[in-house]
Each structure stands twice: as C-alpha cells, then as structure tokens.
Amino acid sequence: MAEHLTLPPTDDRKTRYTALLPQLEALVEGESDPVANMANVAAALRETFGFFWVGFYRVVGDELVLGPFQGSLACTRIDFGRGVCGTAWNERRTILVPDVEAFPGHIACSSASRSEIVVPFFDSSGDRVVGVLDIDSDRPDDFSETDREGLEALMQRIGRKLQHENN
Ligand code: SME
C-alpha cells in the first residue's frame, strides 16, 4: 500500500482504530523486516491519535530493549517485572495505567507522561512474549477499554510481523 494513512474525519478513537487496523495489516504484510514494521506502526499510531510517545520494547534475553519509537528519548533497558512495561511482560497482559504516579515502580522516562498503556505481543505459538507496545500520554486517564481493544486487536493481527519469522 502507499505510505500514507487514510483517516476518518473524526477524533472518535473507536472509529479511528477500525479504520487503521486494515491499513496497518496491509502495510506490514509486504515487509518482512520487523524493525521497519515497528517503525511504521509507531509512526502511524502517533499520527492517528497524537499520542505523546509511542514505541516498542523487544525481549532480548532477560531484559526489554528499546526498539523503534516516536517521541522523546527513552530509557533503553527495562528488567523483567520492572515498571509498566516489565509488568506487562511478566503478567502477559495489557496494563492500563490512568495515573502513572500511582503505579508502583513506574519508570519515568519523561516527566510529562501522565498515563500509559502497554500491550504485549507473542510468538507464533502464543507462548512467549516477544515484545511490548508502549504508549504514553501527557494527559491523565487518557486510555480506555477502546484503546485496550483496539491495540490488542492490532497486536493480535500484526504481532507476527514485528518479530523475526523463525521466532
Ligand atoms: N514508563 C515505562 C517506561 C518506558 S517509557 O514510558 C517510554 C515503564 O514504566 O515501564
């Protein structure tokens, strides 16, 4: 597909997730390189929703290591079980944080971040977490079930294109 997004003329997030999902599927389908795909997915999510920070952390050994992202500089390594990202990895589920200051062990890469959602994605067998999608907002309580559903659906559909094929 062309390297541009067609977005509906509304800020309604559910409508935007619905429009975005098939476009991102088509975008990553023709590209086998996971770094290229993570980069475009991060850019598309930021362009579509205007989030403050959007990016990926990949599981490398016993740590998460920073991958492609859009936004300001971020911490490069996060231990298993640490912060919101390491918790999503450990618990193998989406973590939605309405107020980052109320989350024990939150890792503050930027003081402007107020709320956060982290969605893990899995290898082809569904057993192993291979990375997490991390989105930060500079607005408190900015994420809802709409975001959880939209982002989980996205990761289910394209997660295999964000990792090396033999994973
Ligand atoms: N806040 C995250 C760290 C990553 S940055 O937000 C980009 C955490 O607590 O895991």
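Biologist: Which residue forms a salt bridge with Arg77?

Modeller: In this predicted model, Arg77 forms a salt bridge with Glu63, and the closest N and O atoms are 2.8 Å apart.

Biologist: And where do Arg77 and Glu63 sit in the chain?

Modeller: Arg77 is in strand S3 (residues 77–79), while Glu63 is in strand S2 (residues 63–70). The two are 14 residues apart, and the pair links distant parts of the chain.

Biologist: Is Arg77 buried or exposed?

Modeller: Arg77 counts as exposed, because its relative accessibility is 51% and the exposed class begins over 50%.

Biologist: How many salt bridges are there in the whole structure?

Modeller: A search of the whole structure finds nine salt bridges. One of them joins Asp147 to Arg13, with the closest N and O atoms 3.1 Å apart.

Biologist: What does the pair of Asp147 and Arg13 tie together?

Modeller: Asp147 lies in helix H4 (residues 145–158) and Arg13 lies in helix H1, so the pair ties together parts that are 134 residues apart in sequence. Both Asp147 and Arg13 are buried.

Biologist: Which residues are linked with Arg13 in a network of salt bridges?

Modeller: Arg139, Asp142 and Asp147 are linked with Arg13 in a network of salt bridges.

Biologist: Which residue forms a salt bridge with Glu25?

Modeller: Arg157 forms a salt bridge with Glu25, and the closest N and O atoms are 2.7 Å apart. Arg157 belongs to H4 and Glu25 to H1, so this pair ties together parts that are 132 residues apart in sequence. Arg157 is partly exposed, with a relative accessible area of 42%. Glu25 is also partly exposed, with a relative accessible area of 24%.

Biologist: On to the helices themselves: at what angle do the axes of H1 and H4 cross?

Modeller: The axes of H1 and H4 cross at roughly 10° and come within 10 Å. H1 and H4 are therefore roughly parallel to each other, a term that applies to angles under 35 degrees.

Biologist: Which residues make that contact?

Modeller: From H1, the contact is made by Arg13, Lys14, Tyr17, Leu21, Leu24, Glu25 and Val28. From H4, the residues include Thr146, Asp147, Gly150, Leu154, Arg157 and Ile158. By class, the contact of H1 with H4 has eight nonpolar, two polar and six charged residues.

Biologist: What about H1 and H2; at what angle do they pack?

Modeller: Helix H1 (residues 13–29) and helix H2 (residues 34–49) pack at an angle of about 160°, and their axes are 11 Å apart. H1 and H2 are therefore roughly antiparallel to each other, since angles over 145 degrees count as such. The crossing of H1 and H2 is right-handed.

Biologist: Which residues of H1 and H2 meet?

Modeller: On the H1 side they are Arg13, Arg16, Tyr17, Leu20, Leu24, Leu27 and Val28. On the H2 side they are Asn37, Asn40, Val41, Ala44, Leu45, Thr48 and Phe49. The residues of the contact of H1 with H2 divide into nine nonpolar, three polar and two charged.

Biologist: Last topic: where does Cys109 lie?

Modeller: Cys109 lies in the loop between S4 and S5. At 38% relative accessibility, Cys109 counts as partly exposed.

Biologist: Which residues does Cys109 touch?

Modeller: Not counting residues up to four places away in sequence, Cys109 touches Tyr57, Leu73, Ala74 and Cys75. Cys109 and Thr87 are 22 residues apart in sequence and, C-alpha to C-alpha, 16 Å apart in space.

Key: Residues are numbered from 1 along each chain as its sequence is written. This is a predicted model: local features need pLDDT of at least 70, side-chain atom pairs count only at pLDDT 80 or more; totals for chains, interfaces and linings use all residues. Side-chain values use heavy atoms; hydrogens and water are left out. Axes are lines fitted to C-alpha atoms, for helices over the stretch in contact, and angles run from 0 to 180 degrees between N-to-C directions. Helices (H or I, at least four residues) and strands (E, at least two) are DSSP runs, numbered from the N terminus. Angles under 35 degrees count as roughly parallel, over 145 as roughly antiparallel, 65 to 115 as roughly perpendicular and the rest as oblique. A crossing is left-handed if the near helix is turned anticlockwise from the far one by less than a right angle, and right-handed if clockwise. Contact means heavy atoms within 4.5 Å. Ala, Val, Leu, Ile, Met, Phe, Trp, Tyr, Cys and Pro count as nonpolar, Asp, Glu, Lys and Arg as charged, and the others, Gly among them, as polar. A salt bridge is a side-chain nitrogen of Lys or Arg within 4 Å of a carboxyl oxygen of Asp or Glu. Buried means under 20% relative accessible area, exposed over 50%, partly exposed in between (1.4 Å probe, protein chains only).
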